Structure formats: C-alpha cells, structure tokens
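The notes below go from single contacts out to the annotated span.

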Amino acid sequence: MTQTHNLFSPIKVGSSELQNRIVLAPLTRTRALPGNVPSDLATEYYAQRAASPGTLLITEATYISPGSAGVPIPGDGIVPGIWSDEQLEAWKKVFKAVHDRGSKIYVQLWDIGRVAWYHKLQELGNYFPTGPSAIPMKGEESEHLKALTHWEIKGKVALYVNAAKNAIAAGADGVEIHSANGYLPDTFLRSASNQRTDEYGGSIENRARFSLEIVDAITEAIGADKTAIRLSPWSTFQDIEVNDTETPAQFTYLFEQLQKRADEGKQLAYVHVVEPRLFGPPEPWATNEPFRKIWKGNFIRAGGYDRETALEDADKSDNTLIAFGRDFIANPDLVQRLKNNEPLAKYDRTTFYVPGAKGYTDYPAYKM
Ligand SMILES: Cc1cc2nc3c(=O)[nH]c(=O)nc-3n(C[C@H](O)[C@H](O)[C@H](O)COP(=O)(O)O)c2cc1C
C-alpha cells in the first residue's frame with residue numbers, strides 16, 4: 001500500500017531526522033526506583049515504543065531537582081529525576097536503547113509547582129510547594145505553599161538549565177519544557193494563580209516572562225534545535241482558569257514571542273500543544289488554530305487523537321506532528337499499527353500509576 005499521508009512521511013525536528021510524525025506523548029508512569037532513578041523496566045518500555053525507526057519519543061515528566069518534586073498522585077509511585085549521577089547513568093541506558101532502534105528521545109522537564117504534595121517534597125529535603133503567588137487550588141490548603149521570591153525564580157531557571165544540560169550530556173536528543181497542565185510555568189501564565197506585582201506578574205508580558213526566560217536560558221545552553229516547550233492553553237486541569245479574553249491574549253503573545261525568536265535564528269525544535277477537546281466539548285473560542293497560524297515551526301498536537309483525526313490534522317500542514325498518550329501505552333507498536341490500519345488494544349487505566357511490568361511493558365505487539 002502506498003502511503004501518501006504526511007503522518008507517515010519523514011520530517012526534521014530540530015537536529016533529529018524522523019521517519020514519521022507520530023510522537024509518544026509524555027506519560028508519567030511512577031515506576032522509577034528510590035532516588036528517582038529510571039529502572040531497567042523503563043529502558044524496556046521506551047525501547048518497545050522506539051521500535052519503528054525514526055519515531056520521536058518524549059519521556060515522562062522528569063523532575064529537574066529535588067525541590068521540583070511532589071507528584072500529587074496517591075501511593076508510593078516514584079517519578080524519575082535528572083540531577084544525580086545515578087539518575088544520569090540510568091537515563092543513558094534508556095537513551096541508548098532508543099537510539100539503537102533508530103529513534104529519538106526528548107526529556108520532559110518538570111517542576112510541579114503549587115500542586116506538589118508537601119509530605120512528598122519533604123521526603124527529599126526541606127522543600128515546599130511553590131508558585132508565582134501563594135494561591136492554592138480551590139479546596140486545597142495553602143499552609144505550606146510559598147510564593148517564589150525574585151531570586152528563587154532565577155534559581156528555578158538555573159535548575160531547568162542544569163537539567164537540560166544533564167539530559168544532553170547523557171545522550172538525549174533534546175528537552176521539552178513542561179509549561180502545561182497547571183504545573184509551575186503554567187501557573188505563571190494565568191492571572192488567577194499569578195498575582196505578582198514584580199516583573200513576573202501583572203501583565204501579559206510579565207506573566208509570560210518565566211516560561212520565556214526558561215526557553216532563552218536553555219536555548220543558550222544547548223541550542224534552540226534541541227529545545228521545545230509544551231503548552232495547554234485551554235486546560236482547566238488542576239484549577240487552571242481559562243476564558244475568552246485573557247487566555248487567547250496571553251497565548252497569542254507567547255506564540256508571537258516564540259516566533260520572534262525563530263525569526264531571529266533561534267527556532268525551537270517544536271512547540272507542543274494540548275488540544276482543548278480533551279477537557280470536554282470546547283467553547284468555540286477555545287481553539288489552538290490562531291496559535292498555529294502565528295507559529296511557523298514544527299507543531300505537535302496531542303489530545304484525543306485517533307488514526308483518522310491524526311491523518312487529517314497532519315495532512316493540513318507541512319510540519320504538524322501528532323502525539324498519542326493512552327493509545328501508545330497500550331500499543332507499543334502503535335506506529336506500525338497506524339501504518340497498517342490494524343486495530344488498537346485498549347489501555348487499562350488501573351495500571352497507569354502502579355509499580356511493575358503489568359500495564360507497562362507487557363502490552364503485546366499486534367499479531368494477525
Ligand atoms: C497516565 C498518563 C500520564 C500522563 N503524564 C503526563 C506527563 O508526564 N506530562 C504531560 O505533559 N502530560 C502527561 N499526560 C497527558 C498526555 O501527555 C496527553 O496529553 C493526554 O493523555 C492526551 O493524549 P491521548 O488522548 O492521546 O491520551 C499524561 C496522561 C496520562 C493518561
């Protein structure tokens with residue numbers, strides 16, 4: 001069968017040559033070892049999903065430092081980090097396994113921000129949940145939540161850079177700044193969670209400053225062609241407020257700033273957006289299309305895609321890629337199945353965040 005669809009066509013993303021435009025979305029799976037060290041099972045899990053050469057994988061969200069931890073998921077599940085030698089040695093194995101299969105991998109850089117669980121942070125040291133302001137999610141206690149000081153914000157930027165350098169030194173192809181889903185950078189982008197009166201709050205430009213400072217500092221450290229960012233303009237997850245005025249204006253500015261950097265020769269490898277349909281039927285104004293028009297570079301879209309909608313959206317432009325989350329959990333050979341139009345296995349939600357191989361590395365490849 002001849003494949004004429006963009007989804008199955010090669011594309012260059014930053015410095016990575018890909019053979020298709022199907023991407024493994026970042027997926028927290030809480031199966032790291034004590035010390036926030038990726039396990040050998042993680043190597044197997046990513047290797048399985050790298051099996052179709054030239055596929056882009058994005059890692060699960062990965063703590064940039066102990067103080068960025070505290071995943072708000074019940075249980076003892078552990079998220080990996082990327083600050084210690086032991087973690088880096090384990091990541092090297094993951095990256096090598098992916099490269100051995102001819103695929104590419106970006107590390108998603110995570111600071112949890114205000115939604116971090118205090119008791120989990122305290123297991124790693126005397127750390128506190130932090131945000132642009134000490135405004136908790138509705139119904140949550142604010143006792144331990146601290147507003148970052150000016151110098152702490154600069155310190156956070158430095159930690160993102162350190163993590164990005166570590167990722168590249170260990171062999172990753174790039175990093176994706178997690179500026180989505182209500183975590184630290186996302187909370188800076190919204191006036192409901194950011195009521196600062198310094199240069200990081202109070203205006204559209206100021207609210208975008210933290211995300212853009214991270215972009216610029218990482219670009220400077222590892223190159224724009226290895227740097228990417230994830231945004232979820234319309235996500236209401238974790239008490240993020242969206243509306244028809246501030247949200248479009250805020251993200252229009254942010255996309256314009258990213259495009260400005262591209263025009264000046266610092267084009268990010270990609271910008272990754274979460275589609276609004278993931279949060280219920282979207283309001284007519286909740287759409288990423290205006291941002292797609294501003295940003296001319298590679299654009300990854302994620303959220304509720306199936307084969308048909310992925311083919312359609314990838315065919316709409318020369319540089320759109322489609323990320324799959326839940327379907328890639330249950331279908332390690334998703335790229336082959338989509339190519340061959342084979343049926344997809346259903347994911348088991350109960351094993352998203354439990355330990356061990358079950359629901360992680362034991363989903364079989366398709367058999368006729
Ligand atoms: C188990 C699970 C873990 C996730 N972890 C992350 C994460 O670490 N970082 C992130 O940006 N999004 C995360 N997401 C969101 C996915 O990247 C993706 O946007 C979402 O699942 C929608 O895509 P889908 O409809 O193809 O599943 C997670 C989703 C699931 C189901």
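An oxygen atom of the ligand is 3.2 Å from a polar backbone atom of Ala-61. The side chain of His-178 places an N or O atom 3.2 Å from an oxygen atom of the ligand, and a polar side-chain atom of Thr-28 lies 2.6 Å from a ligand oxygen atom. A polar contact here is a pair of N or O atoms within 3.5 Å.

This is a predicted model, where local features need pLDDT of at least 70 and side-chain atom pairs count only at pLDDT 80 or more, while totals for chains, interfaces and linings use all residues. Residues are numbered from 1 along each chain as its sequence is written, and side-chain values use heavy atoms, with hydrogens and water left out.

## The shell around the ligand

Which residues come nearest to the ligand? Of the 17 around it, they are Thr-28, Arg-230, Gly-304, Gly-325 and Arg-326 (near means a heavy atom within 4 Å). By class, the shell holds eight nonpolar, seven polar and two charged residues, with Gly counted among the polar ones.

## The annotated span

An unreviewed UniProt entry annotates residues 6–343 as "domain: NADH:flavin oxidoreductase/NADH oxidase N-terminal"; such annotations may be inferred rather than shown by experiment. The end C-alpha atoms of residues 6–343 lie 20 Å apart, and the span is 36% helix and 16% strand (DSSP runs of at least four residues for helices, H or I, and at least two for strands, E).

Technical notes:
A polar contact is a pair of N or O atoms within 3.5 Å; within protein, one must be able to donate a hydrogen and the other to accept it, and residues adjacent in sequence count only if both atoms are side-chain atoms.
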